[in-house]
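Open the model in your viewer and keep the selection tool ready. The tour moves from one selection to the next and says what is found at each stop.

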Amino acid sequence: MTDHDSTPDAGSSPVPGSSPAPGPDGFSAGEASFISEMGSLMERWGLPQATGRLFGYLLLRNKPVDLDTMTRELGQAKSGLSVAARQLEAWTLVRRSTRPGSRRIDYEAVGDLQHLLLVNNAHMRKFTETLSSGIPVAHGEARDRLASLADLFSGFVEQTEALVADWEARRTTS
């Protein structure tokens with residue numbers, strides 16, 4: 001990746017304290033590893049690896065980026081990255097914007113932890129509702145299992161919301 005947001009002059013030496021020189025794919029070894037790991041992680045969540053790789057890439061960016069730049073820097077098809085960006089947007093992990101006077105769409109990662117936790121809670125809340133909807137139609141041990149799981153996930157959502165509220169309160173008093 002070209003220093004995340006700007007390309008150094010050709011032949012210039014790295015500035016002390018800056019990122020290591022990029023590898024052949026344009027990313028430092030650490031950046032490439034992070035992007036790959038995010039791809040693997042999100043694949044385990046049922047999303048395509050390309051979606052996770054794009055999210056990792058966007059998390060490393062300091063400013064919004066358009067699909068042409070993503071295509072060039074990630075070496076993936078524009079159509080696939082467009083689908084990945086829309087998936088991330090649906091999960092509210094990225095937001096889109098436009099530049100004044102341009103029709104290009106830029107994407108950037110939503111970087112606040114509390115937002116990510118609350119997005120996860122929205123998914124957990126829906127999961128809890130679905131579990132709860134099975135309780136009236138289940139019998140015996142299955143009914144008990146569904147009730148127990150619904151209770152567990154409901155508690156998870158409540159505790160996470162309390163954690164976020166506590167964190168936000170501490171952050172505003174600091």
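Begin with Leu93, which counts as buried at 7% relative accessibility; buried means under 20% relative accessible area, exposed over 50%, and partly exposed in between (1.4 Å probe, protein chains only). This is a predicted model, in which local features need pLDDT of at least 70 and side-chain atom pairs count only at pLDDT 80 or more, while totals for chains, interfaces and linings use all residues. Residues are numbered from 1 along each chain as its sequence is written, and side-chain values use heavy atoms, with hydrogens and water left out.

Leu93 sits in the loop between H4 and E2. Helices (H or I, at least four residues) and strands (E, at least two) are DSSP runs, numbered from the N terminus. Show the surroundings of Leu93: leaving aside neighbours within four places in sequence, Leu93 is in contact with Met42, Phe55, Leu88, Glu108, Ala109, Val110 and Leu116, where contact means heavy atoms within 4.5 Å. Then select Val119, 26 residues from Leu93 along the chain; the C-alpha atoms of the two are separated by 8.2 Å.

Stay in this loop and select Thr92, which also lies between H4 and E2. What is the phi of Thr92? It is near 55 degrees, a positive value in a residue other than glycine. Most residues other than glycine have a negative phi. Thr92 is partly exposed, with a relative accessible area of 34%.

Next, colour the strands. Three of them form an open sheet in the order E1-E3-E2, with antiparallel pairing; two strands pair if DSSP finds at least two bridges between them. Strand E1 (65–66) and strand E2 (94–98) stand at the edges with a single partner strand each, so one side of each has no neighbour in the sheet. Follow E2 alongside E3 (residues 105–109): the two pair in the antiparallel sense over five bridges.

Now select helix H2 (residues 49–60) and helix H3 (residues 67–74), whose axes come within 12 Å and cross at roughly 105 degrees. That makes H2 roughly perpendicular to H3 (65 to 115 degrees; under 35 counts as roughly parallel, over 145 as roughly antiparallel, and the rest as oblique). Show side chains for Arg53, Leu54 and Tyr57 of H2 and for Thr69, Met70, Glu73 and Leu74 of H3, which make the contact.

Move on to Asn121, in helix H5 (residues 113–134). Is Asn121 buried or exposed? At 0% relative accessibility, Asn121 counts as buried. The side chain of Asn121 reaches the backbone oxygen of Val157 at 3.2 Å. Not counting residues up to four places away in sequence, Asn121 touches Phe156, Val157, Thr160 and Glu161.

Finally, zoom out to the whole protein chain, which has six helices and three strands. From the N terminus on, its elements run α-α-β-α-α-β-β-α-α. Of the 174 residues in the protein chain, 28% are buried.

Definitions and conventions:
Polar contact = N/O pair within 3.5 Å; in protein donor to acceptor, adjacent residues only side chain to side chain. Axes fitted to C-alpha atoms, helices over the stretch in contact; angles between N-to-C directions.
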